Each structure stands twice: as C-alpha cells, then as structure tokens.
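Visitor: I have a few minutes to go over this one with you. Could we put it up on the screen and talk it through?

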Amino acid sequence: MEAKRLLRSNKNRAIGGVCGGLGDYFVIDPVIIRILFVLGNIFFGVGLLLYLILWIMMPEEPINIQ
C-alpha cells in the first residue's frame, strides 16, 4: 500500500494546485477548500498568506507520462 502524501495537484489546479492537492489528500471537493480560503481571507485576512505558504512548501505532484 502506498503512503498518502500531501502534494500540489496537476489535475485539479486553478492557480497553483494547492486546493486540488488538499482536496485529494482529505478526499473532499477542491471547490470547498477554495471557498474556505476565500472566506479565510475575507474574515481573518490569512487566506492568501496561507495559500502562498502552502504553494511554496508543498511539493508538486509528479507528472505521469503514459
């Protein structure tokens, strides 16, 4: 069994793949995570900063060439 890793998505990416990667890891729709980032930015001012930190820290998913 392969260990689950937190990676930026290549398939579910709107900007950097962070929300898609989080959605794959937690098995939820990336749109929900995108909404949470927007709400976090509007109400707490941390959504954009958190997104940028995760974009830098999360490795990108390897590209599978078939």
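Visitor: How do the residues of the lining of the largest pocket divide into nonpolar, polar and charged?

Guide: This is a predicted model, and in it the lining of the largest pocket consists of nine nonpolar, six polar and two charged residues.

Visitor: And what volume does the largest pocket have?

Guide: The volume of the largest pocket comes to about 250 Å³. Of the 17 residues that line the pocket, those closest to its centre are Ile15, Cys19, Phe37, Val38 and Tyr51.

Visitor: Which helices each supply at least two residues of that lining?

Guide: Helix 1, which covers 18-26, helix 2, and helix 3, which covers 47-57, each contribute at least two residues to the lining of the largest pocket.

Visitor: Stepping back a bit, how many helices and strands does the chain have?

Guide: The chain has three helices and zero strands, and reading along the sequence gives the pattern α-α-α. Along the principal axes, the C-alpha atoms fill a box of roughly 40 × 20 × 20 Å.

Visitor: What percentage of the residues in the chain is buried?

Guide: Of the 66 residues in the chain, 27% are buried.

Visitor: Back to pockets, then. How much space lies in the second largest pocket, and which residues line it?

Guide: The second largest pocket holds about 220 Å³ of space, and its lining is formed by Glu2, Ala3, Lys4, Arg5, Leu7, Arg8, Ser9, Gly21, Asp24, Tyr25 and Glu61. By class, that lining has three nonpolar, two polar and six charged residues.

Visitor: Arg8 and Glu61 are on that list. How many salt bridges turn up in the whole structure?

Guide: A search of the whole structure finds three salt bridges. One of them joins the side chains of Arg8 and Glu60, with an N to O distance of 3.9 Å. Arg8 lies in the segment before helix 1 and Glu60 in the segment after helix 3, so this pair ties together parts that are 52 residues apart in sequence.

Visitor: Are those two partners buried or exposed, or something in between?

Guide: Arg8 counts as buried because its relative accessibility is 12%, which is under the 20% cut-off, whereas Glu60, at 39% relative accessibility, counts as partly exposed.

Visitor: What else does Glu60 pair with?

Guide: The side chain of Glu60 also meets that of Arg13 in a salt bridge, at 3.0 Å from N to O. Here Glu60 is again in the segment after helix 3 and Arg13 is in the segment before helix 1, so the pair ties together parts that are 47 residues apart in sequence. Through shared partners, salt bridges join Arg8, Arg13 and Glu60 into one network. Arg13 itself is partly exposed, with a relative accessible area of 33%.

Visitor: Which residue forms a salt bridge with Glu61?

Guide: Lys11 does, and the closest N and O atoms of Lys11 and Glu61 are 3.7 Å apart. Since Lys11 lies in the segment before helix 1 and Glu61 in the segment after helix 3, the pair ties together parts that are 50 residues apart in sequence. Lys11 is exposed, with a relative accessible area of 63%, whereas Glu61 is partly exposed, with a relative accessible area of 21%.

Visitor: And Arg5, how far apart are Glu61 and Arg5 in sequence and in space?

Guide: Glu61 and Arg5 are 56 residues apart in sequence, and their C-alpha atoms are 9.4 Å apart in space. Both residues also belong to the lining of the second largest pocket.

Technical notes
Residues are numbered from 1 along each chain as its sequence is written. This is a predicted model: local features need pLDDT of at least 70, side-chain atom pairs count only at pLDDT 80 or more; totals for chains, interfaces and linings use all residues. Side-chain values use heavy atoms; hydrogens and water are left out. On a 1 Å grid over the protein atoms alone, a cavity is a set of points where a 1.4 Å probe fits but cannot get out, and a pocket is an open set with protein on both sides within 12 Å along at least five of seven lines; lining residues have an atom within 4 Å of a point. Grid points are joined across faces, edges and corners, and a volume is the space filled by probe spheres set on the points. Helices (H or I, at least four residues) and strands (E, at least two) are DSSP runs, numbered from the N terminus. Ala, Val, Leu, Ile, Met, Phe, Trp, Tyr, Cys and Pro count as nonpolar, Asp, Glu, Lys and Arg as charged, and the others, Gly among them, as polar. A salt bridge is a side-chain nitrogen of Lys or Arg within 4 Å of a carboxyl oxygen of Asp or Glu. Buried means under 20% relative accessible area, exposed over 50%, partly exposed in between (1.4 Å probe, protein chains only).
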